[in-house]
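Please keep the sequence and the structure open while reading.

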Amino acid sequence: MVQYNFKRITVVPAGKDFIDIILSRTQRQTPTVVHKGYAISRIRQFYMRKVKYTQQNFHDKLSTIIEEFPRLDDIHPFYGDLLHVLYNKDHYKLALGQINTARNLIGKIAKDYVKLLKYGDSLYRCKSLKVAALGRMCTVIKRVGPSLAYLEQIRQHMARLPSIDPNTRTILICGYPNVGKSSFINKITRADVDVQPYAFTTKSLFVGHTDYKYLRYQVIDTPGILDRPFEDRNIIEMCSITALAHLRAAVLFFLDISGSCGYSIAQQAALFHSIKSLFMNKPLIIVCNKTDLQALEGISEDDKKLVMEMKAEAMKTLIGQGGEPSNDEGVLLTMSTLTEEGVIAVKNAACERLLDQRVELKMKSKKLNDCLNRFHVAMPKPRDQKERPPCIPEAVLEAKAKKAEQAAEKQKKLEKDLEDENGGAGVYSASLRKHYILANDEWKEDIMPEILDGHNVYDFVDPDILQRLEELEREEGMRQEQEADDDFEMDGAEMPPEEQEALAEIRKKKRLLIQQHRIKKSTAESRPTVPRKFDKDKKYTSERMGRQLSTLGLDPTLAINRARSKSRGRKRERSIDKGDQNGIDDMDVDGNQPNKKLRFRSRSQSRSRSKSRPPYEVVPGEGLKDSAQKKKAIDASSIQVGFILHKLYTESCELSYPVLEVALKALKGLYGYRGESYCGGLVGSRSLLSAADDLLLDE
């Protein structure tokens, strides 16, 4: 089935964008790496694949454009002529033909260059052939760039065309400009066509939909038509002529009998007679609009005669079964879109006329005869004059009756059934008292007075109402007393002396626990460590720590030195000094060098020290011949280290064993026993290292 929804046509890219899309897809979807060392067959296959893939992409894209745009010879004549009026079908076919030619040329180029690539003898030759093939394809696309731009403009315009089904039930409105066509379609459909008090407000076809007898009708509002030669009509008028010529619809020809449109009845009658050939075989209705300004009976005799002539022409489209015109009802109608008088009558008459014509055409078609030939209704013929009524046994009838009674007993009567039995809706009134729960069901329908002896009866219905009120008040008082008991707080005034002492002891212990918890929270152990960046007032200094330790009777020297050695600045200075001891004195270091360079140098040195060596490996520059000589030197130095540690321990008895262990590792690091990096990470005190150096020099 042909598709008439032109909004689904794919966007047509411009020539440059077309090339970018295809080449980008080729780059992404095919391999991109090839080397000189590959076999020549592999190189040929690599570039042949690129050429074929590019040609296939061009072919698919161009084929989509050619297939999605409608072919004027295959679509309905209404759309074919409409496209010819709007775009000139010669230019349209020429543009599609150029696209088809470009597709064939690209296929031929790819075929030729694939043949040449089969004989490529080097990577450079194959690559050159690939570039030439893709370049020629892109050149072809550039040449059809104007055709692509033209088709994109047509696509955008076609997407704005209304979706008109030429084969469905259609009502077509035509006439001079500004006679009330758009106002009528706005009244009977949900379309929103612009209505203005000047001519040619409607410049294209507008479609609305309405319902009649559960069937959907499409209503088409056409632009105004002027009475002039066919060759002088513009594109706007030709849209209306095309719709009248090709759509099988009921035609409403609007007349402005008041003359407010700017055209007289004579001019409108002349237009009717000039286009009456387009009304053949279509239901035609003459609609006299704007009767609120001028009634049909009030026009002049000449104008009335012209209207009657148009009515006579319209009667020719209404042919009865005998070939003669039938009654003239529904041929000449009056209405006013301003007051909406007669609008619905015109709509119903047009729908009825169209429906009758469609049914009549279907009855005359051969398709219906083919269907009727398949149906056969058999009617039995009597063989004699004797009547033969149906014979049903009595037992069967009794069984059916009994079954029906049982079903009726089981089935509960609904309010709908009671309503049907008692006169139907408006007569039967459902009783709301039938569901009352009373001691006796006979009381349900009793009439209950509302006022008796000047008193409201409902105030005295319950004789025990006062007694129940007292019970409720008593229950409420008990609840309040219970809530008061729950809120009672122990104060000890009414307790015996033993219980008062126990209560006092419990409260005292509770206070002690709270006080201990507060003290524990306020100690320094439970507080978090304060970082240096938050100590802006410098409250936590080494001098303050020294004063606090002195007040406790402790020597703060070791603690202060340890804190200083762990500071970041001391560690940086130590790394620089150690670098000086290990040969950095040979480098030219400017005294004004920035800290960034110093940090970079210390970082590079620490990286170099991170590589550990075996203890007996000979390093160039140590002055040792081989590893055996280095082993003897290390053993001799170990004896000397032991002597130094003994002397250090005798003179510094206050140092603990961990400190001496750190000193041992530091001295071993200085003698190269464990390596430089191990020494730098384990030295605990700068002063201890200097003391060890002094003792070593003394020995």
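In this predicted model, helices α2 and α4 pack with their axes 9 Å apart and at an angle of about 170°. Angles over 145 degrees count as roughly antiparallel, so α2 and α4 are roughly antiparallel to each other. On the α2 side, the residues that meet α4 include R44, Y47, M48, V51, K52 and Q55, and also F58, H59, L62, S63 and I66. On the α4 side, they include I99, N100, A102, R103 and I106, together with G107, A110, V114 and L117.

Helix α2 covers residues 40–68 and includes N57. N57 has a relative accessibility of 7%. Buried means under 20% relative accessible area, so N57 counts as buried. Apart from its neighbours within four places in sequence, N57 is in contact with I22, R25 and T26.

**The chain as a whole**

The chain has 24 helices and eight strands. It consists of 699 residues, of which 31% count as buried. Its accessible surface comes to about 48,400 Å², and carbon and sulfur atoms make up 53% of that area. Among contacts with a separation of 6 or more, 66% are between residues 24 or more positions apart.

**The open sheet**

Six strands form an open sheet with mixed pairing, in the order β2-β3-β1-β4-β5-β6. Strands β2 (206–212) and β6 (332–334) stand at the edges; each has a single partner strand, so one side of each is left without a neighbour in the sheet. From one strand to the next, the twist averages 25°.

| Strand pair | Sense | Bridges |
|---|---|---|
| β1 (residues 170–175) and β4 (residues 250–256) | parallel | five |
| β1 and β3 (residues 215–221) | parallel | four |
| β4 and β5 | parallel | six |

Individual bridge partners can be followed across these strands. L172 has I220 as its bridge partner in β3 and V251 as its bridge partner in β4. V251 in turn has L284 as its bridge partner in β5.

How many of the six residues of β1 are buried? The count is six, and the strand is mostly covered. On one side of β1 the buried residues are T170, L172 and C174, and on the other they are I171, I173 and G175. Strand β5, residues 284–289, is likewise mostly covered, with six of its six residues buried.

**The nonpolar core**

In soluble globular proteins, nonpolar side chains tend to be buried together. In this chain the largest nonpolar core has 112 residues. The residues with the most contacts inside this core are F69, F184, L244, L252, F253, F279 and I286. Helix α4 (residues 89–117) gives the most to this core, with 11 residues.

F253 is one of those residues with the most contacts inside the core. Apart from neighbours within four places in sequence, F253 is in contact with residues that include C174 and G175. Its other contacts include L284, I285, I286 and V287, as well as Q268, L271, F272, I275, F279 and M310.

Is Q268 buried or exposed? Its relative accessible area is 1%, so Q268 is buried. Q268 lies in helix α9, residues 265–274. Apart from its neighbours within four places in sequence, Q268 is in contact with Y176, V179, C261 and Y263, and also with F253, F254, L255 and D256.

D194 is found in the loop between α7 (181–188) and β2. It has a relative accessible area of 44% and is therefore partly exposed. Leaving out neighbours within four places in sequence, the contacts of D194 are S182, T201 and T202. The C-alpha atoms of D194 and S183 are separated by 8.6 Å, and these two residues are 11 residues apart along the chain.

How values were computed:
Residues numbered from 1 in each chain as written. Predicted model: local features only at pLDDT ≥ 70, side-chain atom pairs only at ≥ 80, totals over all residues. Heavy atoms only, no water. Helix = DSSP H or I, 4+ residues; strand = E, 2+ residues; numbered from the N terminus. Buried < 20%, exposed > 50% of the residue type's maximum accessible area, 1.4 Å probe, protein only. Contact = heavy atoms within 4.5 Å. Core = buried A, V, L, I, M, F, W, Y, C linked by side-chain atoms within 4.5 Å. Pairing = 2+ DSSP bridges. Axes fitted to C-alpha atoms, helices over the stretch in contact; angles between N-to-C directions. Areas by Shrake-Rupley, 256 points an atom, 1.4 Å probe, with all protein chains shown as cover. Parallel < 35°, antiparallel > 145°, perpendicular 65-115°, else oblique.
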